[in-house]
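Dear colleague,

Please find the structure below. My notes on what was found in it follow.

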Amino acid sequence: MIRYADVSKTYRTLVPHREVRAVDAFTLEVSAGEVLGIAGPNGAGKSTLLALTLGFLRPTGGAVTIDGRPPATFVRHHGIAYLSELISIPSWWTARGALGRYATLSGLTGPAAVERVEGVIDRLGIGDHRHKRVKQLSKGNLQRLGLAQALLSDSPVAILDEPTHGLDPLWTQRFRDIVTEMRRPDRAIVIASHNLDELERVADRVAILDRGRLTRVADGLAEEDGGAAHYRLVVAADDAGIVAAFPRVARVTTERQVTYDAHGTLDELNDGLARIIAGGVRVRAFFPARSRLETAFREAVGEE
Amino acid sequence: MSVVVRYLPRQLADQLLTRGAAMLVVGIVILLPFLLRVDGGALQGEQLRVLFVASIGNVTTFLTLIATYGIVGQDIRQGYYRFVLSKPLSPAAYYGAAFGVTLAGYLITLLVLTGVFAVVRGPVWPGLTAFANWTIGFVLIGSLVFAFSRFTRLDWIFALLVFLLGDVARRRWPAGESVWGAVLNVLLPPAGQSAFSAAGHPRWGHILWLLGYAAVMVALGLLAVRYVPPGERR
(Lines give C-alpha, C1' and ligand atoms only; values in the text may rest on other atoms or scores of the structure.)
Protein backbone atom coordinates (compact mmCIF):
# COMPACT_ATOMS: atom_id res chain seq x y z
CA MET A 1 0.00 0.00 0.00
CA ILE A 2 2.74 2.49 0.98
CA ARG A 3 5.87 2.07 -1.09
CA TYR A 4 9.16 3.81 -0.45
CA ALA A 5 11.51 3.27 -3.38
CA ASP A 6 15.06 4.48 -2.75
CA VAL A 7 13.68 7.63 -1.09
CA SER A 8 16.09 10.41 -0.13
CA LYS A 9 15.53 13.86 1.25
CA THR A 10 18.32 16.40 1.48
CA TYR A 11 17.84 19.80 3.08
CA ARG A 12 19.94 22.52 1.55
CA THR A 13 20.71 26.00 2.79
CA LEU A 14 22.43 28.53 0.54
CA VAL A 15 23.87 30.78 3.24
CA PRO A 16 25.84 29.18 4.76
CA HIS A 17 26.03 26.52 2.08
CA ARG A 18 25.11 23.30 3.82
CA GLU A 19 23.48 20.00 3.00
CA VAL A 20 21.82 17.67 5.47
CA ARG A 21 20.65 14.29 4.25
CA ALA A 22 17.65 13.59 6.48
CA VAL A 23 16.55 10.42 4.66
CA ASP A 24 18.97 8.36 2.62
CA ALA A 25 17.98 5.69 0.08
CA PHE A 26 15.06 4.39 2.15
CA THR A 27 13.33 1.40 0.57
CA LEU A 28 10.42 -0.41 2.22
CA GLU A 29 6.86 -1.44 1.58
CA VAL A 30 4.02 -1.26 4.09
CA SER A 31 1.11 -3.58 3.36
CA ALA A 32 -2.57 -3.06 4.03
CA GLY A 33 -3.45 -4.56 7.40
CA GLU A 34 0.04 -3.97 8.75
CA VAL A 35 1.27 -1.79 11.60
CA LEU A 36 4.79 -0.56 10.89
CA GLY A 37 6.78 1.05 13.67
CA ILE A 38 9.57 3.50 12.93
CA ALA A 39 12.25 3.88 15.56
CA GLY A 40 15.45 5.86 15.60
CA PRO A 41 17.51 8.24 17.68
CA ASN A 42 16.75 11.97 17.66
CA GLY A 43 17.38 13.43 14.21
CA ALA A 44 17.32 10.01 12.54
CA GLY A 45 14.82 11.23 9.94
CA LYS A 46 11.58 9.74 11.30
CA SER A 47 9.48 12.89 11.05
CA THR A 48 10.93 13.74 7.64
CA LEU A 49 9.95 10.28 6.41
CA LEU A 50 6.41 10.79 7.67
CA ALA A 51 6.22 14.25 6.05
CA LEU A 52 7.27 12.64 2.76
CA THR A 53 4.52 10.05 3.22
CA LEU A 54 1.94 12.82 3.65
CA GLY A 55 3.19 14.79 0.66
CA PHE A 56 4.21 17.67 2.94
CA LEU A 57 7.74 17.31 1.58
CA ARG A 58 8.99 16.30 -1.86
CA PRO A 59 11.76 13.68 -1.99
CA THR A 60 15.04 14.79 -3.54
CA GLY A 61 15.54 11.22 -4.77
CA GLY A 62 13.41 8.13 -5.29
CA ALA A 63 9.65 8.08 -4.86
CA VAL A 64 6.94 7.53 -2.27
CA THR A 65 3.64 6.14 -3.51
CA ILE A 66 0.43 5.20 -1.75
CA ASP A 67 -1.76 2.81 -3.69
CA GLY A 68 0.40 3.62 -6.70
CA ARG A 69 -0.20 7.36 -6.49
CA PRO A 70 1.92 10.25 -5.23
CA PRO A 71 1.08 10.98 -1.56
CA ALA A 72 -0.40 14.44 -2.25
CA THR A 73 -2.81 12.94 -4.80
CA PHE A 74 -3.78 10.15 -2.41
CA VAL A 75 -4.36 12.62 0.44
CA ARG A 76 -6.55 14.84 -1.76
CA HIS A 77 -8.84 11.89 -2.45
CA HIS A 78 -8.79 9.86 0.77
CA GLY A 79 -7.06 11.92 3.44
CA ILE A 80 -4.78 10.31 5.99
CA ALA A 81 -5.54 9.72 9.67
CA TYR A 82 -2.61 11.78 10.90
CA LEU A 83 -1.29 12.75 14.29
CA SER A 84 1.69 15.07 14.12
CA GLU A 85 4.43 15.22 16.71
CA LEU A 86 3.67 18.89 17.34
CA ILE A 87 -0.02 19.46 17.93
CA SER A 88 -0.80 22.78 16.22
CA ILE A 89 -4.44 23.79 16.57
CA PRO A 90 -5.58 27.43 16.74
CA SER A 91 -5.49 28.33 20.42
CA TRP A 92 -8.87 30.09 20.48
CA TRP A 93 -10.81 27.04 19.26
CA THR A 94 -12.55 24.89 21.85
CA ALA A 95 -11.78 21.17 21.92
CA ARG A 96 -15.30 20.36 20.68
CA GLY A 97 -15.16 23.14 18.08
CA ALA A 98 -11.82 21.87 16.76
CA LEU A 99 -13.16 18.34 16.35
CA GLY A 100 -16.29 19.69 14.64
CA ARG A 101 -14.12 21.59 12.17
CA TYR A 102 -11.86 18.62 11.46
CA ALA A 103 -14.93 16.39 11.06
CA THR A 104 -16.26 18.76 8.40
CA LEU A 105 -12.90 18.77 6.65
CA SER A 106 -12.85 14.96 6.85
CA GLY A 107 -16.06 14.93 4.81
CA LEU A 108 -18.42 14.08 7.68
CA THR A 109 -21.79 15.81 7.74
CA GLY A 110 -24.96 16.06 9.80
CA PRO A 111 -25.75 13.50 12.51
CA ALA A 112 -22.91 11.21 11.37
CA ALA A 113 -20.42 13.99 12.07
CA VAL A 114 -21.91 14.71 15.51
CA GLU A 115 -21.94 11.02 16.36
CA ARG A 116 -18.34 10.54 15.28
CA VAL A 117 -17.14 13.61 17.16
CA GLU A 118 -18.94 12.57 20.34
CA GLY A 119 -17.59 9.06 19.88
CA VAL A 120 -13.95 10.16 19.76
CA ILE A 121 -14.51 12.57 22.66
CA ASP A 122 -15.72 9.63 24.75
CA ARG A 123 -13.03 7.30 23.43
CA LEU A 124 -10.24 9.72 24.30
CA GLY A 125 -11.78 10.79 27.61
CA ILE A 126 -11.86 14.53 26.85
CA GLY A 127 -15.55 15.05 27.63
CA ASP A 128 -14.74 17.22 30.66
CA HIS A 129 -12.58 19.46 28.50
CA ARG A 130 -14.84 19.80 25.46
CA HIS A 131 -15.64 23.47 26.11
CA LYS A 132 -12.10 24.44 27.06
CA ARG A 133 -10.06 26.42 24.61
CA VAL A 134 -7.08 24.66 23.10
CA LYS A 135 -4.71 27.03 24.93
CA GLN A 136 -6.21 25.88 28.25
CA LEU A 137 -5.52 22.18 27.67
CA SER A 138 -2.66 20.37 29.37
CA LYS A 139 0.00 18.67 27.26
CA GLY A 140 -1.62 15.27 27.76
CA ASN A 141 -5.12 16.50 26.91
CA LEU A 142 -3.82 18.33 23.85
CA GLN A 143 -2.17 15.09 22.73
CA ARG A 144 -5.46 13.26 23.20
CA LEU A 145 -7.25 15.95 21.19
CA GLY A 146 -4.71 15.47 18.41
CA LEU A 147 -5.28 11.74 18.48
CA ALA A 148 -9.05 12.29 18.52
CA GLN A 149 -8.94 14.32 15.29
CA ALA A 150 -6.91 11.54 13.65
CA LEU A 151 -9.56 8.99 14.67
CA LEU A 152 -12.22 11.00 12.81
CA SER A 153 -10.72 9.79 9.56
CA ASP A 154 -11.74 6.57 7.82
CA SER A 155 -8.71 6.69 5.56
CA PRO A 156 -6.97 3.43 4.64
CA VAL A 157 -3.71 5.02 5.81
CA ALA A 158 -2.92 6.19 9.34
CA ILE A 159 0.27 7.95 10.37
CA LEU A 160 0.98 8.62 14.02
CA ASP A 161 4.08 10.56 15.01
CA GLU A 162 5.06 10.11 18.67
CA PRO A 163 1.46 9.26 19.61
CA THR A 164 2.09 8.71 23.34
CA HIS A 165 4.20 11.82 23.85
CA GLY A 166 2.87 13.56 26.95
CA LEU A 167 0.37 10.82 27.82
CA ASP A 168 0.27 9.42 31.32
CA PRO A 169 0.90 5.66 31.82
CA LEU A 170 -2.82 4.89 31.86
CA TRP A 171 -3.43 6.56 28.51
CA THR A 172 -0.23 5.10 27.08
CA GLN A 173 -1.70 1.70 27.83
CA ARG A 174 -5.07 2.69 26.37
CA PHE A 175 -3.32 3.85 23.24
CA ARG A 176 -2.47 0.21 22.52
CA ASP A 177 -6.17 -0.63 22.56
CA ILE A 178 -6.82 2.29 20.23
CA VAL A 179 -4.26 0.99 17.74
CA THR A 180 -5.86 -2.45 17.96
CA GLU A 181 -9.21 -0.85 17.12
CA MET A 182 -7.65 1.12 14.27
CA ARG A 183 -6.33 -2.06 12.67
CA ARG A 184 -8.26 -3.09 9.58
CA PRO A 185 -7.38 -5.48 6.78
CA ASP A 186 -7.46 -2.58 4.32
CA ARG A 187 -5.52 -0.09 6.43
CA ALA A 188 -1.78 0.50 6.73
CA ILE A 189 -0.67 2.14 9.96
CA VAL A 190 2.72 3.78 10.46
CA ILE A 191 3.80 4.78 13.96
CA ALA A 192 6.99 6.66 14.71
CA SER A 193 8.06 6.64 18.33
CA HIS A 194 10.96 6.83 20.72
CA ASN A 195 9.10 4.43 22.95
CA LEU A 196 10.48 1.04 21.95
CA ASP A 197 8.33 -0.82 24.45
CA GLU A 198 5.23 0.70 22.91
CA LEU A 199 6.35 -0.11 19.36
CA GLU A 200 7.17 -3.68 20.32
CA ARG A 201 3.65 -4.12 21.66
CA VAL A 202 1.70 -2.61 18.78
CA ALA A 203 3.79 -3.01 15.62
CA ASP A 204 4.15 -6.02 13.35
CA ARG A 205 7.52 -4.78 12.14
CA VAL A 206 9.76 -1.96 13.23
CA ALA A 207 12.01 -0.09 10.81
CA ILE A 208 15.05 1.27 12.60
CA LEU A 209 16.48 4.47 11.15
CA ASP A 210 19.87 5.90 11.93
CA ARG A 211 21.14 9.11 10.34
CA GLY A 212 18.54 8.82 7.63
CA ARG A 213 19.34 5.25 6.64
CA LEU A 214 17.24 2.16 7.19
CA THR A 215 19.60 0.04 9.23
CA ARG A 216 17.32 -2.81 10.15
CA VAL A 217 13.75 -4.04 10.03
CA ALA A 218 12.85 -5.97 13.16
CA ASP A 219 9.94 -8.30 12.59
CA GLY A 220 8.23 -11.19 14.34
CA LEU A 221 8.37 -9.14 17.53
CA ALA A 222 5.51 -11.01 19.16
CA GLU A 223 6.84 -14.47 18.35
CA GLU A 224 8.54 -16.86 20.77
CA ASP A 225 12.28 -16.53 20.65
CA GLY A 226 14.44 -19.65 20.70
CA GLY A 227 17.61 -17.58 20.79
CA ALA A 228 19.47 -16.09 23.72
CA ALA A 229 17.67 -13.74 26.05
CA HIS A 230 18.84 -11.34 28.71
CA TYR A 231 16.75 -11.25 31.87
CA ARG A 232 17.03 -9.50 35.19
CA LEU A 233 16.49 -11.45 38.38
CA VAL A 234 15.61 -9.79 41.70
CA VAL A 235 15.74 -11.98 44.81
CA ALA A 236 14.96 -11.44 48.50
CA ALA A 237 18.40 -12.51 49.68
CA ASP A 238 21.71 -13.57 48.15
CA ASP A 239 22.28 -17.27 47.56
CA ALA A 240 25.31 -19.14 46.29
CA GLY A 241 23.08 -21.44 44.20
CA ILE A 242 22.07 -18.62 41.87
CA VAL A 243 25.42 -18.44 40.06
CA ALA A 244 25.39 -22.18 39.47
CA ALA A 245 21.80 -22.25 38.20
CA PHE A 246 22.25 -20.15 35.05
CA PRO A 247 24.75 -20.58 32.17
CA ARG A 248 25.80 -16.93 32.33
CA VAL A 249 24.93 -14.80 35.28
CA ALA A 250 26.39 -11.69 36.91
CA ARG A 251 25.48 -9.92 40.10
CA VAL A 252 24.40 -6.33 39.56
CA THR A 253 25.20 -4.00 42.41
CA THR A 254 22.22 -2.03 43.54
CA GLU A 255 21.73 -0.34 46.90
CA ARG A 256 18.23 -1.50 47.60
CA GLN A 257 17.88 -5.02 46.26
CA VAL A 258 19.80 -8.14 45.29
CA THR A 259 19.83 -8.29 41.50
CA TYR A 260 21.41 -10.52 38.87
CA ASP A 261 21.65 -10.32 35.09
CA ALA A 262 21.00 -13.76 33.59
CA HIS A 263 21.70 -14.71 29.96
CA GLY A 264 20.58 -17.87 28.17
CA THR A 265 17.89 -19.42 26.06
CA LEU A 266 14.36 -19.33 27.39
CA ASP A 267 14.65 -23.03 28.30
CA GLU A 268 17.89 -22.46 30.20
CA LEU A 269 16.44 -19.52 32.04
CA ASN A 270 13.30 -21.46 32.97
CA ASP A 271 15.43 -24.33 34.25
CA GLY A 272 17.61 -22.00 36.26
CA LEU A 273 14.61 -20.27 37.75
CA ALA A 274 13.06 -23.62 38.76
CA ARG A 275 16.33 -24.70 40.36
CA ILE A 276 16.81 -21.63 42.52
CA ILE A 277 13.16 -21.67 43.63
CA ALA A 278 13.50 -25.35 44.52
CA GLY A 279 16.67 -24.39 46.42
CA GLY A 280 14.67 -22.02 48.62
CA VAL A 281 15.48 -18.69 46.93
CA ARG A 282 12.61 -16.21 47.13
CA VAL A 283 12.27 -14.55 43.71
CA ARG A 284 10.91 -11.03 43.78
CA ALA A 285 10.99 -10.34 40.04
CA PHE A 286 12.23 -11.82 36.77
CA PHE A 287 11.87 -9.65 33.69
CA PRO A 288 13.60 -8.92 30.39
CA ALA A 289 16.54 -6.60 30.98
CA ARG A 290 16.16 -5.41 27.42
CA SER A 291 13.34 -6.01 25.03
CA ARG A 292 14.17 -7.75 21.76
CA LEU A 293 13.45 -4.53 19.94
CA GLU A 294 15.73 -2.58 22.24
CA THR A 295 18.50 -5.07 21.58
CA ALA A 296 17.89 -4.82 17.84
CA PHE A 297 17.78 -1.03 18.12
CA ARG A 298 21.09 -0.84 19.98
CA GLU A 299 22.74 -3.12 17.47
CA ALA A 300 21.29 -1.17 14.54
CA VAL A 301 22.51 2.22 15.77
CA GLY A 302 25.87 0.79 16.82
CA GLU A 303 25.42 0.93 20.60
CA GLU A 304 25.90 -1.93 22.98
CA MET B 1 -21.24 19.83 -1.85
CA SER B 2 -17.49 19.86 -1.46
CA VAL B 3 -15.73 19.76 1.89
CA VAL B 4 -14.29 23.22 1.27
CA VAL B 5 -17.70 24.77 0.59
CA ARG B 6 -19.19 23.19 3.72
CA TYR B 7 -16.28 24.57 5.72
CA LEU B 8 -16.81 28.17 4.50
CA PRO B 9 -19.05 29.29 7.42
CA ARG B 10 -16.43 28.17 9.95
CA GLN B 11 -13.67 29.89 7.99
CA LEU B 12 -15.75 33.06 7.91
CA ALA B 13 -16.46 32.84 11.66
CA ASP B 14 -12.72 32.53 12.35
CA GLN B 15 -11.99 35.44 10.02
CA LEU B 16 -14.53 37.69 11.76
CA LEU B 17 -13.49 36.70 15.29
CA THR B 18 -9.82 37.34 14.71
CA ARG B 19 -9.04 39.71 11.86
CA GLY B 20 -12.56 41.18 11.66
CA ALA B 21 -12.27 42.27 15.27
CA ALA B 22 -8.88 43.86 14.59
CA MET B 23 -10.25 45.69 11.53
CA LEU B 24 -13.21 46.92 13.56
CA VAL B 25 -10.93 48.39 16.21
CA VAL B 26 -8.84 50.18 13.58
CA GLY B 27 -11.97 51.48 11.83
CA ILE B 28 -13.52 52.75 15.04
CA VAL B 29 -10.31 54.52 16.03
CA ILE B 30 -10.27 56.26 12.64
CA LEU B 31 -13.91 57.25 12.97
CA LEU B 32 -13.59 58.23 16.62
CA PRO B 33 -13.53 62.02 16.06
CA PHE B 34 -16.89 61.80 14.26
CA LEU B 35 -18.31 59.32 16.75
CA LEU B 36 -17.32 61.69 19.58
CA ARG B 37 -18.92 64.59 17.69
CA VAL B 38 -15.80 66.74 17.73
CA ASP B 39 -17.59 68.70 14.99
CA GLY B 40 -20.28 69.48 17.55
CA GLY B 41 -22.69 67.42 15.51
CA ALA B 42 -22.67 70.08 12.81
CA LEU B 43 -22.01 67.74 9.90
CA GLN B 44 -25.14 66.16 8.54
CA GLY B 45 -26.45 64.48 5.42
CA GLU B 46 -24.20 64.46 2.34
CA GLN B 47 -21.32 66.21 4.16
CA LEU B 48 -21.30 63.48 6.79
CA ARG B 49 -21.45 60.76 4.13
CA VAL B 50 -18.54 62.27 2.20
CA LEU B 51 -16.43 62.47 5.36
CA PHE B 52 -17.36 58.91 6.35
CA VAL B 53 -16.40 57.56 2.91
CA ALA B 54 -13.17 59.58 2.86
CA SER B 55 -12.21 58.44 6.37
CA ILE B 56 -12.78 54.78 5.60
CA GLY B 57 -11.08 55.21 2.24
CA ASN B 58 -7.95 56.41 4.04
CA VAL B 59 -7.58 53.10 5.86
CA THR B 60 -8.86 50.52 3.36
CA THR B 61 -5.29 49.60 2.37
CA PHE B 62 -4.44 49.03 6.02
CA LEU B 63 -7.65 47.05 6.59
CA THR B 64 -6.90 44.96 3.49
CA LEU B 65 -3.45 44.11 4.81
CA ILE B 66 -4.92 43.12 8.20
CA ALA B 67 -7.43 40.89 6.41
CA THR B 68 -5.09 39.18 3.98
CA TYR B 69 -1.62 38.90 5.49
CA GLY B 70 -0.31 35.37 5.89
CA ILE B 71 -3.36 33.45 4.66
CA VAL B 72 -1.04 30.59 3.71
CA GLY B 73 2.19 31.74 5.35
CA GLN B 74 0.78 31.97 8.87
CA ASP B 75 -0.82 28.52 8.56
CA ILE B 76 2.53 27.08 7.59
CA ARG B 77 4.46 28.98 10.25
CA GLN B 78 2.03 27.99 13.00
CA GLY B 79 1.81 24.39 11.73
CA TYR B 80 -1.99 24.50 11.40
CA TYR B 81 -1.66 23.08 7.89
CA ARG B 82 -0.66 19.65 9.21
CA PHE B 83 -4.09 18.57 10.37
CA VAL B 84 -5.98 20.51 7.68
CA LEU B 85 -4.01 19.28 4.67
CA SER B 86 -4.09 15.66 5.84
CA LYS B 87 -7.83 15.75 5.20
CA PRO B 88 -9.33 14.80 1.81
CA LEU B 89 -9.35 18.23 0.22
CA SER B 90 -7.52 20.25 -2.37
CA PRO B 91 -5.05 22.67 -0.74
CA ALA B 92 -5.59 25.15 -3.58
CA ALA B 93 -9.37 25.03 -3.11
CA TYR B 94 -8.99 25.44 0.66
CA TYR B 95 -6.74 28.49 0.45
CA GLY B 96 -8.67 29.90 -2.52
CA ALA B 97 -11.78 29.74 -0.35
CA ALA B 98 -9.82 31.37 2.48
CA PHE B 99 -9.02 34.30 0.18
CA GLY B 100 -12.70 34.64 -0.76
CA VAL B 101 -13.63 34.52 2.91
CA THR B 102 -11.25 37.36 3.74
CA LEU B 103 -13.06 39.54 1.17
CA ALA B 104 -16.42 38.62 2.69
CA GLY B 105 -15.06 39.34 6.19
CA TYR B 106 -13.68 42.70 5.01
CA LEU B 107 -17.01 43.76 3.50
CA ILE B 108 -18.96 42.61 6.58
CA THR B 109 -16.59 44.61 8.78
CA LEU B 110 -17.17 47.71 6.63
CA LEU B 111 -20.93 47.18 6.96
CA VAL B 112 -20.59 46.86 10.74
CA LEU B 113 -18.56 50.09 10.81
CA THR B 114 -21.31 51.76 8.79
CA GLY B 115 -23.82 50.44 11.31
CA VAL B 116 -21.82 51.67 14.31
CA PHE B 117 -21.54 55.07 12.69
CA ALA B 118 -25.27 55.12 11.90
CA VAL B 119 -26.20 54.27 15.50
CA VAL B 120 -23.97 56.94 17.04
CA ARG B 121 -24.21 59.73 14.44
CA GLY B 122 -27.32 58.93 12.47
CA PRO B 123 -28.07 57.05 9.26
CA VAL B 124 -25.37 57.16 6.63
CA TRP B 125 -25.10 55.02 3.50
CA PRO B 126 -21.74 55.20 1.76
CA GLY B 127 -23.27 54.15 -1.55
CA LEU B 128 -22.61 51.22 -3.85
CA THR B 129 -19.84 53.10 -5.65
CA ALA B 130 -17.92 53.42 -2.37
CA PHE B 131 -18.32 49.71 -1.64
CA ALA B 132 -17.31 48.84 -5.21
CA ASN B 133 -14.22 51.04 -4.88
CA TRP B 134 -13.27 49.48 -1.55
CA THR B 135 -13.79 46.01 -3.00
CA ILE B 136 -11.62 46.70 -6.05
CA GLY B 137 -8.90 48.13 -3.80
CA PHE B 138 -9.08 45.04 -1.61
CA VAL B 139 -8.93 42.63 -4.54
CA LEU B 140 -5.94 44.39 -6.11
CA ILE B 141 -3.82 44.65 -2.94
CA GLY B 142 -5.06 41.42 -1.36
CA SER B 143 -4.35 39.37 -4.47
CA LEU B 144 -0.76 40.58 -4.54
CA VAL B 145 -0.36 39.72 -0.84
CA PHE B 146 -1.84 36.28 -1.57
CA ALA B 147 0.57 35.70 -4.46
CA PHE B 148 3.46 35.90 -1.98
CA SER B 149 1.72 34.08 0.84
CA ARG B 150 2.99 30.56 0.14
CA PHE B 151 6.56 31.78 0.31
CA THR B 152 6.62 34.11 3.29
CA ARG B 153 4.47 35.19 6.19
CA LEU B 154 5.79 38.71 5.45
CA ASP B 155 3.73 38.64 2.26
CA TRP B 156 2.22 42.06 3.03
CA ILE B 157 5.65 43.69 3.11
CA PHE B 158 6.53 42.18 -0.27
CA ALA B 159 3.20 43.36 -1.70
CA LEU B 160 3.78 46.90 -0.43
CA LEU B 161 7.31 46.84 -1.85
CA VAL B 162 5.96 45.85 -5.26
CA PHE B 163 3.54 48.79 -5.16
CA LEU B 164 6.19 51.25 -4.00
CA LEU B 165 8.93 50.08 -6.36
CA GLY B 166 6.36 49.81 -9.14
CA ASP B 167 5.51 53.45 -8.66
CA VAL B 168 9.19 54.38 -8.84
CA ALA B 169 9.67 52.21 -11.95
CA ARG B 170 6.70 53.76 -13.75
CA ARG B 171 8.12 57.24 -13.21
CA ARG B 172 11.58 56.13 -14.35
CA TRP B 173 10.38 54.22 -17.42
CA PRO B 174 7.02 55.64 -18.56
CA ALA B 175 4.90 53.18 -20.54
CA GLY B 176 4.72 55.21 -23.74
CA GLU B 177 8.42 55.95 -24.02
CA SER B 178 10.09 52.56 -24.35
CA VAL B 179 9.43 48.87 -24.84
CA TRP B 180 10.77 48.27 -21.35
CA GLY B 181 8.29 50.79 -19.98
CA ALA B 182 5.43 49.07 -21.84
CA VAL B 183 6.44 45.68 -20.43
CA LEU B 184 6.67 47.09 -16.92
CA ASN B 185 3.25 48.64 -17.33
CA VAL B 186 1.79 45.19 -17.96
CA LEU B 187 3.72 43.43 -15.19
CA LEU B 188 3.30 46.00 -12.43
CA PRO B 189 0.06 46.44 -10.49
CA PRO B 190 -2.39 48.79 -12.26
CA ALA B 191 -2.16 52.34 -10.99
CA GLY B 192 -2.73 55.94 -11.83
CA GLN B 193 -6.44 55.93 -12.56
CA SER B 194 -9.56 55.51 -10.41
CA ALA B 195 -12.03 52.78 -11.29
CA PHE B 196 -14.81 55.36 -11.26
CA SER B 197 -15.06 58.83 -12.80
CA ALA B 198 -15.63 61.91 -10.63
CA ALA B 199 -19.32 61.59 -11.48
CA GLY B 200 -19.31 58.00 -10.20
CA HIS B 201 -19.45 56.29 -13.60
CA PRO B 202 -17.50 53.04 -13.85
CA ARG B 203 -14.49 52.96 -16.18
CA TRP B 204 -15.15 49.40 -17.31
CA GLY B 205 -11.96 48.92 -19.28
CA HIS B 206 -9.85 49.89 -16.28
CA ILE B 207 -11.99 47.83 -13.89
CA LEU B 208 -11.57 44.73 -16.08
CA TRP B 209 -7.84 45.31 -16.24
CA LEU B 210 -7.69 45.64 -12.42
CA LEU B 211 -9.76 42.52 -11.84
CA GLY B 212 -7.86 40.56 -14.49
CA TYR B 213 -4.54 41.50 -12.90
CA ALA B 214 -5.88 40.46 -9.47
CA ALA B 215 -7.16 37.15 -10.89
CA VAL B 216 -3.70 36.40 -12.29
CA MET B 217 -2.10 37.16 -8.88
CA VAL B 218 -4.56 34.88 -7.06
CA ALA B 219 -3.95 32.18 -9.67
CA LEU B 220 -0.18 32.47 -9.11
CA GLY B 221 -0.73 32.14 -5.36
CA LEU B 222 -2.88 29.05 -5.89
CA LEU B 223 -0.35 27.49 -8.26
CA ALA B 224 2.31 27.95 -5.57
CA VAL B 225 0.03 26.26 -3.01
CA ARG B 226 -0.69 23.45 -5.48
CA TYR B 227 2.87 22.70 -6.54
CA VAL B 228 5.08 23.65 -3.58
CA PRO B 229 4.47 21.16 -0.74
CA PRO B 230 3.64 22.93 2.54
CA GLY B 231 6.58 21.46 4.45
CA GLU B 232 9.13 22.76 1.96
CA ARG B 233 10.65 25.97 3.16
CA ARG B 234 10.49 27.70 -0.24
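Two residues are in contact if their C-beta atoms, placed from the backbone, lie within 7 Å. Helices (H or I, at least four residues) are DSSP runs, numbered from the N terminus. This is a predicted model, in which local features need pLDDT of at least 70, side-chain atom pairs count only at pLDDT 80 or more, and totals for chains, interfaces and linings use all residues. Residues are numbered from 1 along each chain as its sequence is written, while chains are lettered from A and ligands numbered from 1 in the order in which they are written.

The predictor gives the complex an ipTM of 0.86 and a pTM of 0.84.

Helix 7 of chain B (residues 155-172) has 18 residues. Its buried residues (20 or more other C-beta atoms within 10 Å of their own C-beta, placed from the backbone) are B:Asp155, B:Trp156, B:Ala159 and B:Val162. They lie on the same side of helix 7 of chain B because they cover an arc (of the directions from the helix axis to the C-beta atoms) of only 115°. These buried residues pack against helix 2 (45-68), helix 3 (73-78) and helix 6 (128-149) of chain B. On the other side of helix 7 of chain B, the exposed residues (12 or fewer such atoms) include B:Leu161, B:Leu164 and B:Arg172.

Between the chains, the contact takes 27 residues from chain A and 19 residues from chain B. Helix 2 of chain A gives the most to the side of chain A that touches chain B, with five residues.

Note on methods. Helix = DSSP H or I, 4+ residues; strand = E, 2+ residues; numbered from the N terminus. Expected span 1.5 Å × (residues − 1).
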